[in-house]
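Hello,

Here is the structure we talked about handing over. Please open it first, then read the notes below alongside it.

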Amino acid sequence: MRATWDAAAASEAVESYVGDPAHAREELESVFGRLGAEPRGGLCIEVGCGFGRMTPFLAERFDRVLALDVSPAMLARVTPLPNVELRATSGERLDGVENGVADTLLCYLVLQHVPSRRVVLSLLAEFARVLAPGGQAFVQLPVLRGGLRPRLWRAVRSAAVPLDRRGRVTSRRAYRGFRLSDRELERGLASAGLRVVARDEKPDSPYRFSRDVFLRLERE
């Protein structure tokens with residue numbers, strides 16, 4: 001994961017991998033708005049901050065922001081702000097973050113790039129671990145549609161990715177990611193001890209055989 005996103009950070013087309021900064025505020029407000037919340041104040045943990053596309057707007061809302069990313073090269077591109085701390089993580093855990101400290105956690109346009117079911121579920125458990133009592137996590141991820149064809153597509157896609165030797169960022173497993181099914185997501189949330197407070201779906205998901213799902217989560 002680190003090698004993939006360090007390579008993306010070094011690319012002249014880095015915005016094509018992490019999104020256009022010009023739309024960051026609008027997207028952030030959309031995430032909160034579609035889930036019926038306007039969180040402000042306290043500590044916000046931003047999971048997968050990239051080069052800091054949304055970080056300045058989070059810094060306006062919250063007293064402190066802890067911006068995490070698997071890629072040191074991405075973090076090196078983030079504009080320093082007085083109430084923002086940057087930290088590199090393994091990508092599988094929120095390394096070094098204490099238990100129960102986050103009033104708000106945001107994970108947006110990140111989980112679709114996580115390379116395996118195991119790592120997605122590990123991150124959900126980490127979200128629960130770091131949430132403060134009464135804290136909420138705002139999470140977006142693509143969820144596999146039901147039926148045989150989507151499951152066959154996922155199996156073939158997972159098998160084919162390691163065979164692609166072209167070395168492009170977009171062909172790597174850590175970019176193409178893994179899609180949980182509804183059942184896997186439900187079980188993962190239950191295992192993590194997370195409760196769904198609000199859920200929304202984007203009708204025009206760009207992910208094949210998937211629905212773009214938005215969740216507001218609390219610890220059980």
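**Around Thr-55**

Setting aside sequence neighbours within four places, Thr-55 makes contact with Glu-46, Cys-49, Val-65, Ala-67 and Val-84. Thr-55 belongs to helix α4, which covers residues 55–61. Is Thr-55 buried or exposed? Thr-55 is buried, because its relative accessible area is 1%, and the cut-off for buried is under 20%.

Before you go further: this is a predicted model.

**Salt bridges**

How many salt bridges are there? The count comes to 17. Here are some of them.

Start in helix α4 again. Glu-60 and Arg-25 meet there through their side chains in a salt bridge, at 3.1 Å from N to O. This pair links distant parts of the chain: Glu-60 is in helix α4 and Arg-25 is in helix α3 (residues 24–34), 35 residues apart. Arg-25 counts as partly exposed, because its relative accessibility is 36%.

Next, look at Arg-211 and Asp-182. Their side chains meet in a salt bridge of 2.7 Å, N to O. Arg-211 sits in strand β8, and Asp-182 sits in helix α9 (residues 182–192). They are 29 residues apart, so this is again a link between distant parts of the chain. Arg-211 counts as buried, at 13% relative accessibility. Asp-182 is partly exposed, with a relative accessible area of 32%.

Arg-195 is partly exposed, at 36%.

One group goes beyond a pair. Glu-92, Arg-93, Asp-95 and Arg-118 are linked in a network of salt bridges.

**Aromatic rings**

The count of aromatic pairs comes to 4. Trp-5 and Tyr-175 form one that is tilted, with 5.6 Å centre to centre and 35 degrees between the planes. Trp-5 is in helix α1 (residues 2–10), and Tyr-175 is in helix α8 (residues 173–176). They are 170 residues apart, and the pair links distant parts of the chain. Trp-5 counts as buried, at 10% relative accessibility. Tyr-175 is buried too, with a relative accessible area of 17%.

Trp-153 and Phe-209 also pair up. Their ring centres are 5.6 Å apart and their planes are at 55 degrees, so this pair is tilted. Trp-153 lies in helix α7 (residues 148–160), while Phe-209 lies in the loop between β7 (194–202) and β8 (210–219). The pair therefore ties together parts that are 56 residues apart in sequence. Both residues, Trp-153 and Phe-209, are buried.

Ring pairs join Trp-5, Tyr-17 and Tyr-175.

A charge also meets a ring. The charged end of Arg-34 sits over the ring of Phe-214, 4.2 Å from the ring centre.

**The largest pocket**

What is the volume of the largest pocket? It is about 310 Å³. The lining has 17 residues. Nearest the pocket centre are Tyr-17, Gln-112, His-113, Tyr-175 and Tyr-207. Tyr-17 and Tyr-175 are the names to recall here, as members of the ring cluster.

Two elements give two or more residues to the lining: α2 (14–18) and α8. Of the elements, α2 gives the most, with 4 residues.

**Around Val-119**

Last stop: Val-119, in helix α6 (residues 117–130). Val-119 is buried, because its relative accessible area is 2%. Leaving out residues up to four places away in sequence, Val-119 touches Met-1, Gly-91, Glu-92 and Val-114. Glu-92 is also one of the residues in the salt-bridge network.

How far apart are the C-alpha atoms of Val-119 and Pro-150? They are separated by 20 Å, and the two residues are 31 apart along the chain.

Best wishes

Terms used. Residues are numbered from 1 along each chain as its sequence is written. This is a predicted model: local features need pLDDT of at least 70, side-chain atom pairs count only at pLDDT 80 or more; totals for chains, interfaces and linings use all residues. Side-chain values use heavy atoms; hydrogens and water are left out. Rings of Phe, Tyr and Trp (its six-membered ring) pair if their centres lie within 6.5 Å; planes under 30 degrees apart count as stacked, over 60 as edge-to-face and the rest as tilted. Buried means under 20% relative accessible area, exposed over 50%, partly exposed in between (1.4 Å probe, protein chains only). A charge sits over a ring if NZ of Lys or CZ of Arg is within 6 Å of the ring centre and within 35 degrees of the ring normal. Contact means heavy atoms within 4.5 Å. A salt bridge is a side-chain nitrogen of Lys or Arg within 4 Å of a carboxyl oxygen of Asp or Glu. On a 1 Å grid over the protein atoms alone, a cavity is a set of points where a 1.4 Å probe fits but cannot get out, and a pocket is an open set with protein on both sides within 12 Å along at least five of seven lines; lining residues have an atom within 4 Å of a point. Grid points are joined across faces, edges and corners, and a volume is the space filled by probe spheres set on the points.
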